[in-house]
Amino acid sequence: MKILLTGSGGVVGSEVADRLAALGGRAEVTSVTRRPSRPGETGWVLGAEPAPAELRGHWDVIIHSAASTRWTMTPDEAVAANVRTTEAVLDLVDADTHLVHISTAYVEGQDPAILGSGAGFGRFRNTYEWSKAESEELVRSKHPGALTIVRPPLVFGRRADGAIARLTGPYAMVQTLVSGLAPALVGNPAGFIELAPVDQVTEVIVAAALGMPPSAPVVETIAAGPAGCLRVTDLAEGICGAVNAWRAERGIAPVPVAPVIPSETWRRFHLPLTARHFSTVQKRALELLSAFEGYACMPTPFRPTQTVVDPADVLAKSVRWWADAKSRHARRAPEPWTLIAA
């Protein structure tokens, strides 16, 4: 079986590459990434340059995980990073290729009325989600063969130890809460938050790639769902609780648990202060809060096809791994918010 994996340097792609490598000779895998760093990887900037000649030809499976998950991309950046890369992959498939396309569980969007102040893209929270929706439309309409779409939610570390290749995305929110740069989580205190361990996401992808190609498009949604999904207040308590357990083991005073402020209260009473009275650093933290706000406003959990069990444990182990990796940040005393002179 010949498998092409794109984005092998990313959070999910690197896990998939390692899992496929552990299979030995069961599959012949070619991995591509923008900046090769491991033996056997092929360099290719998808969408910005032609595919290397060695990638031309039939592939039994293409796992397309290359993407930018940055929430603050401009529309042009999002198209270049996610839509053009998908077009480049579609140029390599044929009717006998099983395409395993990595999307996001948030691709269907949300009612704009509940997304909060960070939204500005219709039913989507950001350009990342919008561009992934565009990419799904592309693969559904243009791919002539078997198609599996994998939709993970927010991706955290491995279930066993919390390890992850890159501390990006939601980990920026962890750091700002622990440091005190973000004074609160903004969203719906009773809202839901979906997350998944990176190794479970990898298991779903690899199982799809090695399994029988589906006769009709298949969507795999990875989530805790109604039975086990965390509330937003659980997220704040889980992050601070895991950090405080880590700090207690080292004789460091605990950080306060960040409150969850409803979006309407935040926009009406807190946000108007920022323009005149908050520092540049505080305003940057507010930008992060705004970007995350839409994820903290979910009124209902997802309906999973692959269920995440005990997401609270996944969160706790992931935060402890972050604390070990970023001990200087995990040890610091939170900085209280103060107003500066106008």
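The legends below describe close-up views of a predicted model.

**View A. Surroundings of Ser8.**
Ser8 sits in the loop that runs between strand 1 (2-6) and helix 1 (11-21). With a relative accessibility of 1%, Ser8 is buried. Its side chain is in polar contact with the side chain of Glu41, at 2.8 Å.

**View B. The salt bridge of Arg56 and Asp91.**
The structure contains 14 salt bridges, and one of them joins the side chains of Arg56 and Asp91, with an N to O distance of 2.9 Å. This pair connects distant parts of the chain, the two residues being 35 residues apart. Arg56 belongs to the loop between strand 3 (41-43) and strand 4 (61-64), whereas Asp91 belongs to the loop between helix 2 (75-90) and strand 5 (98-102). Arg56 is partly exposed, at 44% relative accessible area. Asp91 is partly exposed as well, at 48%. Side chains of opposite charge can pair when their charged atoms come close.

**View C. The salt bridge of Arg70 and Glu77.**
Arg70 and Glu77 form a salt bridge in which the closest N and O atoms are 3.4 Å apart. The relative accessible area of Arg70 is 40%, so Arg70 counts as partly exposed. For Glu77 the relative accessibility is 35%, and this residue too is partly exposed.

**View D. The buried pair Arg125 and Glu129.**
Between Arg125 and Glu129 there is a salt bridge, its closest N and O atoms lying 3.3 Å apart. Are these two residues, Glu129 and Arg125, buried or exposed? Both are buried.

**View E. Helix 3 and its N-terminal cap.**
Helix 3 covers residues 127-142, 16 residues in total. From its first C-alpha to its last, helix 3 reaches 22 Å, close to the 22 Å expected at 1.5 Å a residue. The N-terminal end of helix 3 is capped by Asn126, which places a side-chain oxygen 3.2 Å from the backbone nitrogen of Tyr128.

**View F. The buried residues of helix 3.**
Among the buried residues of helix 3 are Thr127, Tyr128, Glu129, Ser131 and Lys132. Ala133, Ser135, Glu136, Leu138 and Val139 are buried in helix 3 too. Against which elements do the buried residues of helix 3 pack? They pack against helix 2, strand 5 and strand 6 (147-151).

**View G. A network of salt bridges.**
Four residues, Glu108, Glu136, Arg140 and Arg151, are linked by salt bridges into a network. Glu136 is also one of the buried residues of helix 3.

**View H. Cysteines without disulfides.**
A search of the whole structure finds zero disulfides. Cys240 takes part in none, and its nearest cysteine sulfur, that of Cys297, is 18 Å away. Cys240 is buried, at 0% relative accessibility. Cys297 is likewise in no disulfide, and the cysteine sulfur nearest to it, that of Cys229, is 14 Å away. Cys297 has a relative accessibility of 6% and counts as buried. A disulfide is a pair of cysteine sulfur atoms within 2.5 Å, so a sulfur with its nearest cysteine sulfur at 14 Å is in no disulfide.

Definitions and conventions. Residues are numbered from 1 along each chain as its sequence is written. This is a predicted model: local features need pLDDT of at least 70, side-chain atom pairs count only at pLDDT 80 or more; totals for chains, interfaces and linings use all residues. Side-chain values use heavy atoms; hydrogens and water are left out. Helices (H or I, at least four residues) and strands (E, at least two) are DSSP runs, numbered from the N terminus. Buried means under 20% relative accessible area, exposed over 50%, partly exposed in between (1.4 Å probe, protein chains only). A polar contact is a pair of N or O atoms within 3.5 Å; within protein, one must be able to donate a hydrogen and the other to accept it, and residues adjacent in sequence count only if both atoms are side-chain atoms. The expected span of a helix is 1.5 Å times one less than its number of residues. Contact means heavy atoms within 4.5 Å.
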